[in-house]
Amino acid sequence: MAVNLVNVENVSKVYGTRALLDGVSLGVSEGDRIGVVGRNGDGKTTLIRMLAKLEEADTGRVTHSGGLRTGVLTQHDSLDPAATVRHEVIGDMADHEWAGNAKVRDVLTGLFGGLDLPGFPKGLDTVIGPLSGGERRRIALAKLLIEDQDLIVLDEPTNHLDVEGISWLARHLQNRRSALVCVTHDRWFLDQVCTRMWDVQRGAVYEYEGGYSDYVFARAERERIAATEETKRQNLVRKELAWLRRGAPARTSKPRFRVEAANELIADVPPPRDTSELMKFASSRLGKTVFDLEDVTVQAGPKVLLKHITWQLGPGDRVGLVGVNGAGKTSLLRAMADAARSEGEAQPAAGRVAVGRTVKLAYLSQEVAELDPEWRVLEAVQAVRERVDLGKGREMTAGQLCETFGFTKEKQWTPVGDLSGGERRRLQLLRLLMDEPNVLFLDEPTNDLDIETLTQLEDLLDGWPGSMIVISHDRFFVERTTDRVFALLGDATLRMLPRGIDEYLERRARMEETVAASAAAAQPRPAATERSAADQRAAKKELQRIERQLDKVSEKEATLHARIAENATDFAKVAELDAELRGLADERDELELRWLELAEDA
């Protein structure tokens, strides 16, 4: 039985007249990996802040086990703006000390792309003050992950990370021994990392075993049992379950939900999209030409991002665009949007963008458009139009579309100036769709949206007849809403990836290996003849000594594993032996690094 780390007993929290949490009791034990989901504003962040004792409960109590080491990533960092990255992340460790630490090297490489922090003006010696919010957040995350904790609490850790960074973070957390509680809307990340889910709804917290896929199944099953009529059973949760089972069966490495029950539950659910029907309808709305790029070069100032791109976005095409930060994803969309707005007059640095005559473009950029703060939510939507045609005879009023996007009847009369960042993002997207575009450019549309709103948006886009390009670090959203993936790999080209984001990560890993090998080959190496025979003999002797030490470490590790198995019911003893085991792992890392350094000299 795992040791209990945190107890939450009958906790309540009220803001104004609203009870965010009402009599909630939960626990976190050793080895738990808990994902927290729920609508924005329902109390996810409040719950984990109280769990970490950063915020007091109105009633009830939160208790930590003695000596609990807790690391917390909040949405607002507490970094010293006058300090350097080195001071905040590395602390007082000497260069040889942190460079010889495998964990430090892994964290710096995973979050920043290299030990020298490429992209930061002075590497580790960069002052934090002038950095962007995204850069500061990565620094705060690196600082947390380098330290040792019994419990890690993360609030939206994937924000400001690209696809590669999110993939690295998932692997890193899988390999850590710390317990984890994580709030995130990244469903792929939840499936990779979490083994339990907490669903925060209207003051209560519902617990589910397994990752996100299991949670979707359990929730759909619960609603099926509770339903009294067929129309109640056919809901968005079942549709998303159908996507999880049919669209991406390999999404989880170890599917934990009952496959037979899941297949029975979705037996009568149609595929998420009728692709051929949508393509036919899109062609009738758009004609043959949407966007044709001929030998296009895209620049940002003097920097050339893309060269000689010839590409076509056809009627009904649904394209996901992924790539390294700074490769030109947003610049490519802007170049295409400029051509559309100017009816072909504004063109990129070289080449030509041809735009279809019937194209009506809606572009959701990363910046939230400013609206009159005095407007009510419903007024802001009705200012675009009163009703929207969704195709195939489907029509919605402004109020109905507001409700689909999480704006209840009461919320529709809230002034725009009182909305949160996520709510403004939702409103911006809603206004774009209300204008009945036939081409959508979505640049990071998932920012600040909760999972429930994301599933509603995905359902809306399933029946939307038009062409679409999506840029997003949320791979679940990209895979769910698009049919093809193209990548900008940082080499000024655009490539189609038949196997999607998995292929992108593989290509990027190969590119990193090639760059590292080239850098190593370019390093000046002293000729073997320049080393004295005495130096080589000394290096070989040292190598043999390290190999003997590594053998001893392996023997000690085997002994400790055996003792842990023997004392499985004595938790204090297991914790003591586990601490010894971690010490041996650190010793092994240092010995292996020294062995690699000596091998070349020998």
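This is a predicted model: local features need pLDDT of at least 70, side-chain atom pairs count only at pLDDT 80 or more; totals for chains, interfaces and linings use all residues.
1. Arg 480 and Asp 462 form a salt bridge, with their closest N and O atoms 2.8 Å apart. This pair links distant parts of the chain, since Arg 480 sits in helix H18 (residues 475-481) and Asp 462 in helix H17 (residues 451-462), 18 residues apart.

2. Salt bridges that share partners join Lys 13, Arg 49, Glu 55 and Asp 58 into one network. In general, side chains of opposite charge can pair when their charged atoms come close. In total, the structure holds 30 salt bridges.

3. Let's look at one pair from that network. Asp 58 forms a salt bridge with Lys 13, and the closest N and O atoms are 3.8 Å apart. Asp 58 lies in the loop between H1 and strand S4 (59-64), while Lys 13 is in strand S1, so the pair ties together parts that are 45 residues apart in sequence. Are these two residues buried or partly exposed? Lys 13 counts as buried because its relative accessibility is 10%, under the 20% cut-off. Asp 58 is partly exposed, with a relative accessible area of 44%.

4. Arg 49 and Glu 55 are the other two names to find. Their side chains meet in a salt bridge, at 3.0 Å from N to O. Arg 49 is partly exposed, at 28% relative accessible area, whereas Glu 55 is buried, at 17%.

5. Next, have a look at helix H1, which covers residues 44-51. How much of helix H1 is buried? The count is 6 of its 8 residues, so the rest of the structure largely encloses the helix. The buried residues are Lys 44, Thr 46, Leu 47, Ile 48, Met 50 and Leu 51. After H1 comes Lys 53, whose phi is positive, near 65°.

6. Strands S1 (residues 4-15) and S2 (residues 18-29) run antiparallel and are joined by 8 bridges. If you want a spot to check in the viewer, Val 6 stands opposite Val 28 in S2. The hairpin of S1 and S2 has 2 residues between the strands, and Gly 16 in this hairpin takes a positive phi near 65°. As a general rule, side chains in a regular strand alternate between the two faces of the sheet.

7. Stay with strand S2 for a moment, as Val 24 is placed there. Val 24 is buried, with a relative accessible area of 4%. Which distance separates the C-alpha atoms of Val 24 and Tyr 206? The answer is 9.6 Å, although the two residues are 182 residues apart along the chain.

8. Strand S8 (residues 196-201) and strand S9 (residues 204-209) pair in the antiparallel sense over 6 bridges. Met 197 has Tyr 208 in S9 as its bridge partner. With 2 residues between the strands, the hairpin of S8 and S9 includes Arg 202, which takes a positive phi near 45°.

9. Helix H7 (residues 187-193) contains Asp 191. Asp 191 is buried, at 5% relative accessible area. Asp 191 and Ala 170 are 9.5 Å apart in space, C-alpha to C-alpha, and 21 residues apart in sequence.

10. Finally, go to the surface. Which residues gather in a patch of negative charge there? They are Glu 97, Asp 586, Glu 587 and Glu 590. Helix H21 (residues 571-601) gives the largest share of the negative patch, 3 residues. Glu 97 has its place in helix H3 (residues 95-99). Glu 97 is partly exposed, with a relative accessible area of 44%.

Terms used. Residues are numbered from 1 along each chain as its sequence is written. Side-chain values use heavy atoms; hydrogens and water are left out. Patches are made of residues with over 30% relative accessible area and no salt bridge: like charges are joined within 9 Å, nonpolar side chains (Val, Leu, Ile, Met, Phe, Trp, Tyr) within 5 Å. Accessible areas come from the Shrake-Rupley method with a 1.4 Å probe; for residues, only the protein chains shown count as cover. A salt bridge is a side-chain nitrogen of Lys or Arg within 4 Å of a carboxyl oxygen of Asp or Glu. Lys and Arg count as positive and Asp and Glu as negative; His and the chain ends are not counted. The place of a charge is taken as NZ of Lys, CZ of Arg, CG of Asp or CD of Glu. Helices (H or I, at least four residues) and strands (E, at least two) are DSSP runs, numbered from the N terminus. Buried means under 20% relative accessible area, exposed over 50%, partly exposed in between (1.4 Å probe, protein chains only). Two strands pair if DSSP finds at least two bridges between them.
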